[in-house]
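User: I would like to go through this model and check how its labels follow from the values behind them. Please set each value against its cut-off before concluding.

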Amino acid sequence: EYGVYTLILSLQSVALIATSFGLVNVIERYTPEFYQQKRIAMLRKIVIGAFLFRFILGVIFLLFIFENQSIQNLPLFDVFAVYKIQISIMILAILQIQLLGDGFLVSLFEQNFYNSAILVYSVFVFIGVYGVTSLHLGIGHVLYVFGVCNFCLALCFLWRSLFILYKRETTTKVDKYSFPKKRIIKYALYSFFAAIGYSLVDVWIDNFVINYYLGKEAVGYYAFANFLGTFLSYSSLAIFLLPLLTSISIMKFTETKSTETLLFIYSFYTKIITFFGFPCLLIFLLLDTHIIMLLFGEKYLSAKIIVDIVI
């Protein structure tokens with residue numbers, strides 16, 4: 001069932017890419033700039049427009065997946081068809097969580113609210129999944145837990161975003177800046193095509209290929225290796241600082257137009273990766289057999305070579 005769960009998360013990754021259209025990148029890029037310049041009316045148009053547009057794209061994606069005959073004939077479609085309702089709730093919610101939470105709120109340094117919401121969300125997910133698995137109710141109920149919790153988190157981020165957008169008024173009734181439509185569309189398209197290019201070598205496509213040739217159990221082992229790789233990447237402070245450093249650099253550059261600030265932040269970020277990330281990964285490579293045995297059990301040792309490759 002872990003392999004099935006991984007394939008469903010892979011479909012979620014496809015949805016994030018297919019409905020992205022560079023919207024999250026636009027939010028991350030222009031929110032700090034427009035907020036710094038007090039162009040709140042323009043910021044409202046971008047955020048609310050992106051929210052509605054992505055919701056529509058999400059609905060179209062789900063209709064395409066579950067109503068298209070060619071998709072239904074694929075070997076792995078049976079995995080998705082059984083859990084249609086849970087998948088739909090999860091995908092529609094996660095699209096807005098990424099847009100409003102990871103994009104808008106983090107760009108405005110709303111870390112306290114963001115982290116508190118994620119913490120509460122994680123607690124409820126843990127309680128729900130623990131309860132469901134303890135009662136042996138199966139993966140369908142696990143997906144319901146994720147779907148409901150993601151939906152509540154998306155509503156929480158939407159409320160906070162609207163509160164921020166409408167609590168601060170513009171300095172004048174009429175925005176003195178013209179809406180930079182061409183600039184935003186160009187940036188969004190470049191970001192979208194970059195995301196598509198990267199997605200072709202991302203983990204989700206590996207999972208589909210592995211499932212086609214080797215089955216769901218092999219997907220589970222591969223997912224385990226990637227889970228460890230992702231978990232270890234959090235040992236680097238760079239993962240947590242990147243959204244903050246991005247917003248700071250945009251705001252400072254908007255204010256000063258100086259590339260010296262960008263250079264300093266980039267150098268600082270690189271040093272953090274070098275001095276925190278690499279040592280942790282090296283230590284894990286040396287001790288991976290003992291760590292896997294201690295934390296996960298002997299049955300996962302067969303994935304050791306995959307773990308080493310991913311690390």
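User: Why is Phe61 called buried?

Analyst: In this predicted model, Phe61 has a relative accessibility of 10%, and since buried means under 20%, Phe61 counts as buried. The residue lies in helix α3, which covers residues 40–67.

User: What is Phe61 in contact with, leaving aside its neighbours within four places in sequence?

Analyst: With heavy atoms within 4.5 Å as the criterion, Phe61 is in contact with Leu11, Val14, Ala15, Ala18, Thr19 and Ile91. By contrast, the C-alpha atoms of Phe61 and Met293, which are 232 residues apart along the chain, are separated by 41 Å.

User: What makes Glu110 and Arg160 a salt bridge?

Analyst: The cut-off is a side-chain nitrogen of Lys or Arg within 4 Å of a carboxyl oxygen of Asp or Glu, and the closest N and O atoms of Glu110 and Arg160 are 2.9 Å apart, so the pair meets the definition. Glu110 lies in the loop between α6 (84–107) and α7 (111–134), while Arg160 belongs to helix α8 (residues 139–167), so the pair ties together parts that are 50 residues apart in sequence.

User: Are the two partners, Glu110 and Arg160, buried or exposed?

Analyst: Glu110 has 15% relative accessibility and Arg160 has 16%; with buried set at under 20%, Glu110 counts as buried, and Arg160 counts as buried as well.

User: How do you know that Asp288, Lys304 and Asp308 form a network of salt bridges?

Analyst: The closest N and O atoms are 3.6 Å apart for Lys304 and Asp288, and 2.9 Å apart for Asp308 and Lys304. The limit is 4 Å, so both pairs qualify as salt bridges, and Lys304 takes part in each of them, which means that Asp288, Lys304 and Asp308 are linked in a network. Counted over the structure, there are three salt bridges.

User: Where do Asp308 and Lys304 stand relative to each other in helix α14?

Analyst: Asp308 and Lys304 are four residues apart in helix α14, and they are therefore separated by about one helical turn.

User: Why is Lys304 called partly exposed, and what is the label for Asp288?

Analyst: The partly exposed class runs between the buried limit of 20% and the exposed limit of 50%, so Lys304, with a relative accessible area of 26%, falls into it. Asp288 has a relative accessible area of 2%, and because buried means under 20%, Asp288 is buried.

User: How do you know whether the radius of gyration agrees with a compact globule?

Analyst: For 311 residues, a compact globule would have a radius of gyration near 19 Å, and the chain has 21 Å, which agrees. Along its principal axes, the C-alpha trace spans about 65 × 50 × 35 Å, and buried residues make up 41% of the 311 residues. The secondary structure comes to 14 helices and zero strands.

Key: Residues are numbered from 1 along each chain as its sequence is written. This is a predicted model: local features need pLDDT of at least 70, side-chain atom pairs count only at pLDDT 80 or more; totals for chains, interfaces and linings use all residues. Side-chain values use heavy atoms; hydrogens and water are left out. Helices (H or I, at least four residues) and strands (E, at least two) are DSSP runs, numbered from the N terminus. Buried means under 20% relative accessible area, exposed over 50%, partly exposed in between (1.4 Å probe, protein chains only). The radius of gyration is taken over C-alpha atoms; the globule rule is 2.2 Å times the number of residues to the power 0.38.
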